Amino acid sequence: MHSDIRVKICGLRDAAMVASAVQAGAAYVGLVFFPKSPRHVSIEEARSAVVDVPPGIAKVALVVDADDTSLDAIVGGVPLDMLQLHGAETPERVAEIKARYGLPVMKAVGVAGSEDMAQLDIYADVADQLLMDAKPPRNAALPGGNGLAFDWRLIAGRKWSVPWMLAGGLNVGNVAEAIERTGARQVDVSSGVESAPGVKDPQRMADFVASARAQEP
Ligand SMILES: O=C(O)c1ccccc1NCC(=O)[C@H](O)[C@H](O)COP(=O)(O)O
């Protein structure tokens, strides 16, 4: 039996990877616009990657502290359903981006300790969704997609006024436990379904989604 758990697969780079994610049962497909990432896509690559995404599956652009010029180009060049802000965007900037582009915005918040819970409450007031990810290590090259989990007990049993997604170090071996422990109804994965950085593996994506959706509510 399948539950209603919704899975986002992030860092898809071409139409074949996107098709495999859709086939696996992803509810969201993520495109990373961050040049230092092995998952980075240009606007042209992103547009051709999502050309055949069926209606009902959300196409998400991930950006990191993007300015209006970059966002104008991304939103103008790629058909999108959501923006994911994965940098140090302030609540005011989140509100500004929402108003300027008219797209739902998901704010990623790095979680490492109980002191980060206040941030989640603050962003819940301005974002349409929250994404709880592990805080990147101090010298990390990437602000996300590092395959690191945070202590799920920090968010277990908590509630927010907007939908939220659990991310960070998830893979087929731990996603069921993560859902059970946190009560997440949405999960996000990137490196846990890759065969190499930036290369999504169709079987790993299928196994991940099946494992997540096998969880009972
Ligand atoms: O994935 C990237 O390369 C990336 C680059 C810059 C900012 C964020 C990035 N990824 C964020 C994601 O949405 C990941 O899915 C999330 O951090 C979980 O990643 P992982 O731990 O590898 O599953």
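Modeller: Let's start where helix H6 ends: Gly 183 follows H6, and its phi is positive, near 80°. Please keep in mind that this is a predicted model.

Colleague: Which residues of H6 are buried, and what makes them one face of the helix?

Modeller: Val 175, Ala 178 and Ile 179 of H6 are buried. Seen down the axis of H6, they fall within an arc of 95°, so they line one face of the helix. There is a general point behind this too: an α-helix has 3.6 residues a turn, so residues three or four places apart point the same way.

Colleague: What covers the buried residues of H6?

Modeller: The cover includes strand S7 (164-166), strand S8 (186-189) and helix H7.

Colleague: Why are H6 and H7 called roughly parallel?

Modeller: The axes of H6 (residues 175-182) and H7 cross at roughly 30° and come within 8 Å. Angles under 35 degrees count as roughly parallel, and H6 and H7 are therefore roughly parallel to each other. Val 175, Ala 176 and Ile 179 of H6 make the contact with Phe 208, Ser 211 and Ala 212 of H7.

Colleague: What about H1 and H7: why does the label "roughly parallel" apply there?

Modeller: H1 and H7 pack at an angle of about 25°, with their axes 8 Å apart. With the cut-off at under 35 degrees, H1 and H7 are therefore roughly parallel to each other. On the H1 side the contact is made by Ser 20, Ala 21 and Ala 24, and on the H7 side by Pro 202, Met 205, Ala 206 and Val 209. The crossing of H1 and H7 is right-handed.

Colleague: Which residues of H1 are buried, and how do you know that they are on the same side?

Modeller: In H1 (residues 15-24), the buried ones are Met 17, Val 18, Ser 20, Ala 21 and Ala 24. They cover an arc of only 160° around the axis, which puts them on the same side of H1. Ala 16 and Gln 23, on the other side of H1, are exposed. The buried residues of H1 pack against several elements, among them strand S1 (6-9), strand S2 (28-33) and helix H2 (43-49). After H1 comes Gly 25, with a positive phi near 110°.

Colleague: Why is Gln 129 called buried?

Modeller: Gln 129 has 21 C-beta neighbours inside 10 Å. A residue is buried at 20 or more, so Gln 129 counts as buried. Its place is in strand S6 (residues 129-134). Leaving aside neighbours within four places in sequence, the contacts of Gln 129 include Pro 104, Met 106 and Trp 164.

Colleague: And what makes Asp 81 partly exposed?

Modeller: Asp 81 has 17 C-beta neighbours inside 10 Å. Exposed would need 12 or fewer and buried 20 or more, so Asp 81 counts as partly exposed. Asp 81 is found in the loop between helix H3 (68-77) and strand S4 (82-85). Not counting residues up to four places away in sequence, Asp 81 touches Ala 58, Lys 59 and Val 60. Asp 81 and Pro 104 are 7.1 Å apart in space, C-alpha to C-alpha, and 23 residues apart in sequence.

Colleague: Where does UniProt place a domain?

Modeller: An unreviewed UniProt entry places "domain: N-(5'phosphoribosyl) anthranilate isomerase (PRAI)" at residues 7-209. Over that stretch the chain is 31% helix and 22% strand, and the end C-alpha atoms are 7 Å apart.

How values were computed
Residues are numbered from 1 along each chain as its sequence is written. This is a predicted model: local features need pLDDT of at least 70, side-chain atom pairs count only at pLDDT 80 or more; totals for chains, interfaces and linings use all residues. Helices (H or I, at least four residues) and strands (E, at least two) are DSSP runs, numbered from the N terminus. The arc is that of the directions from the helix axis to the C-beta atoms. Two residues are in contact if their C-beta atoms, placed from the backbone, lie within 7 Å. UniProt positions are given in the numbering used here, feature names are shortened, and annotations may be inferred rather than shown by experiment. Axes are lines fitted to C-alpha atoms, for helices over the stretch in contact, and angles run from 0 to 180 degrees between N-to-C directions. Angles under 35 degrees count as roughly parallel, over 145 as roughly antiparallel, 65 to 115 as roughly perpendicular and the rest as oblique. A crossing is left-handed if the near helix is turned anticlockwise from the far one by less than a right angle, and right-handed if clockwise.
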